[in-house]
Structures are given as C-alpha cells and as structure tokens.
Amino acid sequence: MAVDAGGRYFPAEAPGSYLRLGFAAAATPAELAEGARRLGESARAEGATVRPG
C-alpha cells in the first residue's frame, strides 16, 4: 500500500486535506473490497469525509 497526500490528485477542487491510498494487489477482489470498506468506516468514525476515487 502506498500513502500520499492527495491534494495534487484534485487540482480543480478547493484546497483541502486529502489522503490517497493506492493498492497494488490483494489475494481476492473481495478482500480488497473489505479492506476499503473497513478503511472508510474507520475514517468516517473519526469524522472524515470519505469519497471514493
């Protein structure tokens, strides 16, 4: 997994805090989907706005 400050991926939007996560592989598509669901749930619990990209 790669973690990067995500602002440069949204140049047409107002400045803000972004976090972009990139995944290279997972054992199965279902495993990847579950990981994304868990990350989103955790981020929302901390008050983040989660936007799929």
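**Helix charges first**

Visitor: Let's start with arginine 37. Is arginine 37 buried, partly exposed or exposed?
Guide: Arginine 37 has a relative accessibility of 40%, so it counts as partly exposed. Bear in mind that this is a predicted model.

Visitor: Which side chain meets that of arginine 37 in a salt bridge at 2.7 Å?
Guide: That is glutamate 34, with the 2.7 Å taken from N to O. Glutamate 34 is itself partly exposed, because its relative accessibility is 28%.

Visitor: How far apart are arginine 37 and glutamate 34 in helix α1?
Guide: They are 3 residues apart in helix α1, which means a separation of about one helical turn.

Visitor: Why does that spacing matter for direction?
Guide: An α-helix has 3.6 residues a turn, so residues three or four places apart point the same way. Side chains of opposite charge can then pair when their charged atoms come close.

Visitor: What does glutamate 34 do with arginine 38?
Guide: Their side chains also meet in a salt bridge, at 2.9 Å from N to O. Glutamate 34 and arginine 38 are 4 residues apart in helix α1, so about one helical turn separates them. Arginine 38 counts as exposed because its relative accessibility is 55%, and the cut-off for exposed is over 50%.

Visitor: And which residue forms a salt bridge with glutamate 41?
Guide: Arginine 37 does, and the closest N and O atoms are 2.9 Å apart. Both residues lie in helix α1, with 4 residues or about one turn of the helix between them. At 47% relative accessibility, glutamate 41 counts as partly exposed. Through shared partners, the salt bridges join Glu34, Arg37, Arg38 and Glu41 into one network.

Visitor: How many salt bridges does the structure hold?
Guide: It holds 3.

Visitor: OK, the fold. What order do the elements run in from the N terminus?
Guide: The order is β-β-α, with 2 strands and 1 helix in the protein chain.

Visitor: How many residues does α1 have, and what distance does α1 reach?
Guide: α1 has 17 residues and reaches 24 Å from its first C-alpha to its last. That is close to the 24 Å expected at 1.5 Å a residue.

Visitor: What follows α1?
Guide: Glycine 47 follows α1, and its phi is positive, near 95°.

Visitor: Where is confidence lowest, and where is it highest?
Guide: Within the protein chain it is lowest in β1, at a mean of 66, and highest in α1, at 88. The mean pLDDT of the chain is 78, and 81% of its residues reach 70 or more.

Visitor: Now burial. What share of the residues count as buried?
Guide: The figure is 4% of the 53 residues of the protein chain. The chain's accessible surface comes to about 4,500 Å², and 57% of that belongs to carbon and sulfur atoms.

Visitor: Which residues make the nonpolar surface patch?
Guide: Phe23, Leu32 and Leu39 make it, and it covers about 250 Å². Leucine 32 lies in helix α1, residues 29-45, and leucine 39 is found in helix α1 as well.

Visitor: Why do those two leucines count as partly exposed?
Guide: Leucine 32 counts as partly exposed because its relative accessibility is 37%. For leucine 39 the value is 39%, so it is also partly exposed. The partly exposed range lies between under 20% for buried and over 50% for exposed.

Visitor: What does leucine 39 touch?
Guide: Leucine 39 touches Leu21 and Phe23, leaving aside residues up to four places away in sequence. Its C-alpha is also separated by 9.4 Å from that of valine 50, 11 residues apart along the chain.

Visitor: Last topic: where is arginine 8?
Guide: Arginine 8 sits in the loop between β1 (2-5) and β2 (19-22). At 61% relative accessibility, arginine 8 counts as exposed.

Visitor: How far is the C-alpha of arginine 8 from that of arginine 20?
Guide: The two C-alpha atoms are separated by 9.8 Å, with the residues 12 apart along the chain.

Methods. Residues are numbered from 1 along each chain as its sequence is written. This is a predicted model: local features need pLDDT of at least 70, side-chain atom pairs count only at pLDDT 80 or more; totals for chains, interfaces and linings use all residues. Side-chain values use heavy atoms; hydrogens and water are left out. Buried means under 20% relative accessible area, exposed over 50%, partly exposed in between (1.4 Å probe, protein chains only). Accessible areas come from the Shrake-Rupley method with a 1.4 Å probe; for residues, only the protein chains shown count as cover. Patches are made of residues with over 30% relative accessible area and no salt bridge: like charges are joined within 9 Å, nonpolar side chains (Val, Leu, Ile, Met, Phe, Trp, Tyr) within 5 Å. A salt bridge is a side-chain nitrogen of Lys or Arg within 4 Å of a carboxyl oxygen of Asp or Glu. The expected span of a helix is 1.5 Å times one less than its number of residues. pLDDT is the predictor's confidence in each residue, from 0 to 100. Contact means heavy atoms within 4.5 Å.
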